[in-house]
Amino acid sequence: MPAGRALSRPTRRSRDRRRWVTIALFLLPALVLYGLLVIAPVVQAIYYSGFDWNGLGSLDDFVGLENFRRAFSDDVFVGALKHNGFFIGLSLLLQLPFALAMALLLQARLRGRALLRILYFAPFVLSEVVTAVIWTLMLQPDGLVDQSLDRAGLDPLIHQWLAEPGIVLWSLFVVISWKYFGFHMILYLAGLQQIPRELEEAAMIDGATRLQVLRYVTLPLLGPTIRISAFLSVIGALQLFDLIWVMTGGGPVNSSNTMATYLIDWSFKRFQFGYASAVAVIMLVISLLFALFWQRFVLRRDIDGALTTMGR
Amino acid sequence: MKLVSRSLLYVVAWLVAAAILVPVIYAVLGGFRTTGQIAGSPVGWPDPWVFTNYTEILGSSTFWRQVFNSLLIAVVSTLLVVPLAAMAAFVFARFAFRGRELFYTVFTLGLLFPIAVAILPLFIMVRNLGLLDNPLGVALPQAAFGLPMTIIILRPFFASFPNELQDAAAIDGCGPFRFFWQILLPLSRPVLATVSVLAVVGSWNAFLLPLVVLTDADTWTLPLGVTNYSTQYTADLARILAFATLSMAPALILYAFAERHIVAGLTSGAVKG
């Protein structure tokens, strides 16, 4: 390095300042956009939730926690909450195990498994709206599903799939699983690929049966992936909106509302923005509490891992 | 025994594949039928093939306007979210500074905020800015909500480049800006393609935000068009299916070409190959 350059080398402090300026320049644009359009609205929602407000006039009717009390004493909202719980429970108990089973099945070196994987995952890229429109037509009375059952001689099974309160949640769950199991499956496949084959082979040589290998070697090693997939599944189920809004609008008689459809119903149909904001805050708090719980007790310390450490 | 269980695996695998395919085929073929045919015999090849559903939609300016609107919003929000997220991820990956993990956590928390939580204030903000019925009213919030996921995917990729690379560049007089622009970004093309594809698909499929922000039918995106179409022509299944097919086609075509990118992005880690 030429001597002149060395003499004019910036002092430590000015170098430090330059570094901070660089960091700020790179970080600020994202931070501003995120602050203005994600953080600020979330904070505002918390603020609105304390008012009785139609979204237009001035915010002057402060009601404290009344909106929250009202939500929890409204059977329809409590029902919506339960429906979110229903989707969470069934996703964890049925959809994810199914996705795992399909991932293991594709691991079994079937011919055409590349094609199968592409097929299974395809619904994930379709919009919930298109999915909802197509399935609504298939499930309508005397639609494809009913006619198929009829021809197979299973006509006693025919139901008003989207119009019977006891059935509608199950119908929706099938459609949701149709769309999303492939996503969880590819997560599991990525996780499975990271498990060294030698471990499973060694266990086999030691005389373990296939089931024992699965139970004592594969599944434990897949643990991190399973925990992340379960996390994403719960968060997704808490936020369900598009599909249900289009398929049932929360009906019949509120039997398929979720928190999000309830929120949109009270805001953009009934213009009770204050009350709807309280519902938004409840959604937010539940998501945060769940995330905290999950991170504290299940994931330990990586939400960062939510998408990135899987498969490593 | 082994043969039996293996054939059983094939049967299960292809049954599931069929279950995945049925709705898609139902929609595509349904578009080639009349509504009468769908009611009478929804299974099998259309007899005769009817092309008017598709040709009428493809000949209508409404459909193409919605395609244009969807495309415009997808492009604008992707062009916003990817560069901004790349810059932020660069700092998170390659600088050590106080508060870094705090800021990063704030961004990752965004994964937990469904857009529904913020939708009312967003609506009011967009209205106050005069951006209702404006593509920017959708694209800007969408980009903001896309930041967390994009940063989370980009950061480990950017962090995986050896420090020697940056040191060598620095010795050659290359500051952080040039390093980012001329070395890091070109080397990161695969992961940038991945996050871009995810952003485009996400935007293409978005429903809630456009539903709230875009009230004028001229500004609608395809998902709004599809729902409206299906309530407007309730009795005409064939037309609805044709419209649904045409609106999902771009996403499926993109998937056919970019399947690797989508899967790589969502499972990350594997991206580095």
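Q: In which loop of chain A does A:Pro252 lie?
A: This is a predicted model, in which local features need pLDDT of at least 70, side-chain atom pairs count only at pLDDT 80 or more, and totals for chains, interfaces and linings use all residues. Residues are numbered from 1 along each chain as its sequence is written, while chains are lettered from A and ligands numbered from 1 in the order in which they are written. Helices here are DSSP runs (H or I, at least four residues), numbered from the N terminus. With that in hand, A:Pro252 sits in the loop between α11 (242–247) and α12 (259–269) of chain A.

Q: What is the omega of the peptide bond from A:Gly251 to A:Pro252?
A: Let's stay at that loop between α11 and α12 of chain A, where A:Pro252 is found. The bond leading from A:Gly251 into A:Pro252 is cis, and its omega is near -5°.

Q: Is A:Phe271 buried, exposed or partly exposed?
A: A residue is buried if 20 or more other C-beta atoms lie within 10 Å of its own, exposed if 12 or fewer, and partly exposed in between, with C-beta atoms placed from the backbone. A:Phe271, in the loop between α12 and α13 (273–298) of chain A, has 13 other C-beta atoms within 10 Å, so it is partly exposed.

Q: How many charged residues has the side of chain B that touches chain A?
A: Two residues are in contact if their C-beta atoms, placed from the backbone, lie within 7 Å, and the contact takes 72 residues from chain B and 70 residues from chain A. Ala, Val, Leu, Ile, Met, Phe, Trp, Tyr, Cys and Pro count as nonpolar, Asp, Glu, Lys and Arg as charged, and the others, Gly among them, as polar. On the chain B side there are 62 nonpolar and 9 polar residues, and the charged count is 1.

Q: Why does B:Trp64 count as exposed?
A: You can find B:Trp64 in helix α4 (residues 61–94) of chain B. B:Trp64 counts as exposed because its C-beta neighbours inside 10 Å number 12.

Notes:
Helix = DSSP H or I, 4+ residues; strand = E, 2+ residues; numbered from the N terminus.
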